[in-house]
Amino acid sequence: MTSPAFAALPTPLADLLSSRRFGRIVVFSGAGMSEDSGIPTFRSGSNGLWSAFDPQQLATPEAWHRDRALVWGWYEWRRGLVAAARPHPGHVALARLQREAGAGIVTQNVDDLHERAGATDVVHLHGSLFAPRCETCGTPAQLPPPPAGDPAQRLEPPRCERCPALIRPGVVWFGESLEPAVVDKASRHIAACDLLVIVGTSGTVYPAAGLVALAADGVPVLEINPQRAEVASNVDFRWRSTAAQALPLLVEALLEAGTADHKC
Ligand code: APR
C-alpha cells in the first residue's frame, strides 16, 4: 500500500524514490528557489532581472569601476528585497532535510533564505548579498539594515574600517572567478551524492551549471522547475512544479522512507 507521502508524488517519481534509501542527498538550487518568496529570478517570468536591467551595467567588475554608486545602489535595493522577503515552505522543507537527513545544499543564490529557514550549511557558489567586504583588503563589513529604495538609486558605498578603500557587494560578478574552496566543497558534495535534486535553475551560467554533471553514473537526478531548463545532467525525472509546492512533498516522502545511515 503506497503511503500518503508517496501517493502525493508523481507516480514515476514515487517509484524512483521508494525503491531505495538515500543517505547523501544534495540539493542544487537557483533563483527559481526564491521566486515563491517574491524574489525575481534573472531570466524567467515577466519580471526577470536581466530583462529589466543590463548585467553589463550592474554585475561586472568593469561596471563597478565605472560607477560604484549605481552598482552599490542596485545591490542595496536587492538586499532590501531579500530582507523584506520570507522563506517559503520549500526552504523550510530543505532545512528540515538537512537537519534530519544531513542533506547538502549548494546554491547559486546570493540571498539568505535557506539559512533563515534553518539550514546551517549552505554552499553559496555566487557569494552573498549579506557578505560585503573591502574591495582592496577583503575585510568583511557590517552593514545597517538596507534602505527602502529603488533599483536606480545611486548610493555611495561605505568605506572599509581598516583601509581607505570602498566596500563592495559580496557577490561573484560576471567575469570573476568563483572561490576555489567553495567550488571544491560543492564538487565534493555532488560527486559523493546518491540523490541530486536540482531546483529552480535555468542551467545557463557556468561554471556553476556544470557542477551538476559531477553526479556519479546511476545516481538519480530530479529536476523541479515549472519550465524546461538546460540543466547539464541526465535528469531522470522532471517535476514541472514550483519549489514551494514540490519540495515539502518530496521531503516528506524522503524522510518517511528513512535515510541510509551515512550523511553528506
Ligand atoms: N520554482 C522553481 N523554479 C522556478 C520557479 C519556481 N517558483 N520560478 C521560476 N523557476 C525557474 C525558471 O523556469 C528558470 O528555469 O527558475 C529558473 C531561474 O533561472 P535563472 O533566472 O536563469 O536563474 P539561475 O539559473 O539561478 O541563474 C544563474 O545567473 O545571473 C546569474 O549569478 C546569477 O546565480 C545566477 C546565475
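**Close-up views of a predicted model**

View 1. An oxygen atom of the ligand sits 2.8 Å from a polar backbone atom of Phe42. This view, like those that follow, comes from a predicted model.

**View 2. The shell of residues around the ligand.** There are 23 residues around the ligand. Those that come nearest are Phe42, Arg43, Thr201, Ser202 and Asn225. By residue class, the shell consists of 13 polar, 7 nonpolar and 3 charged residues.

View 3. Arg79 and Glu76 form a salt bridge, and their closest N and O atoms are 2.7 Å apart. Both residues belong to helix α7, which covers residues 68-84. Arg79 and Glu76 are both buried. The pair belongs to a set of salt bridges whose count comes to 10.

View 4. The side chains of Arg96 and Glu252 meet in a salt bridge, with an N to O distance of 3.1 Å. This pair links distant parts of the chain, as its members are 156 residues apart. Arg96 lies in helix α8 (residues 89-101), while Glu252 lies in helix α11 (residues 243-257). Arg96 counts as partly exposed because its relative accessibility is 26%, which is between the limits of 20% and 50%. Glu252 is also classed as partly exposed, with a relative accessibility of 37%.

View 5. Glu223 and Arg238 form a salt bridge in which the closest N and O atoms are 2.9 Å apart. The pair links distant parts of the chain: Glu223 is in strand β7 (residues 221-224) and Arg238 is in strand β8 (residues 237-239), 15 residues away. Glu223 has a relative accessibility of 1%, so this residue counts as buried. Arg238, at 27%, counts as partly exposed. Elsewhere, salt bridges with shared partners join Arg96, Glu100 and Glu252 into one network.

**View 6. The surroundings of Glu223.** Glu223 is placed in strand β7. The side chains of Glu223 and Arg238 make a polar contact at 2.9 Å. Leaving aside neighbours within four places in sequence, Glu223 is in contact with Ile198, Thr201, Ala229, Val231, Val235, Phe237, Arg238, Trp239 and Arg240. One of these, Thr201, is also among the residues that come nearest to the ligand.

View 7. The peptide bond that runs from Tyr206 to Pro207 is cis, and its omega is near 10°. Most peptide bonds are trans. Pro207 is located in the loop between β6 (195-199) and β7.

**View 8. Gly73 in helix α7.** Gly73 has its place in helix α7. With a relative accessible area of 0%, Gly73 is buried, because buried means under 20%. The C-alpha atoms of Gly73 and Glu156 are 7.6 Å apart in space, although the two residues are 83 residues apart in sequence. Apart from neighbours within four places in sequence, Gly73 is in contact with Gln153 and Leu155.

**View 9. Ser187 in helix α10.** Ser187 is part of helix α10, which spans residues 180-192. The relative accessible area of Ser187 is 17%, so Ser187 is buried, the limit for this class being under 20%. When neighbours within four places in sequence are set aside, Ser187 is in contact with Leu211 and Leu214.

Terms used. Residues numbered from 1 in each chain as written. Predicted model: local features only at pLDDT ≥ 70, side-chain atom pairs only at ≥ 80, totals over all residues. Heavy atoms only, no water. Near = heavy atom within 4 Å. Polar contact = N/O pair within 3.5 Å; in protein donor to acceptor, adjacent residues only side chain to side chain. Nonpolar A, V, L, I, M, F, W, Y, C, P; charged D, E, K, R; others polar. Helix = DSSP H or I, 4+ residues; strand = E, 2+ residues; numbered from the N terminus. Buried < 20%, exposed > 50% of the residue type's maximum accessible area, 1.4 Å probe, protein only. Contact = heavy atoms within 4.5 Å. Salt bridge = Lys/Arg side-chain N within 4 Å of Asp/Glu carboxyl O.
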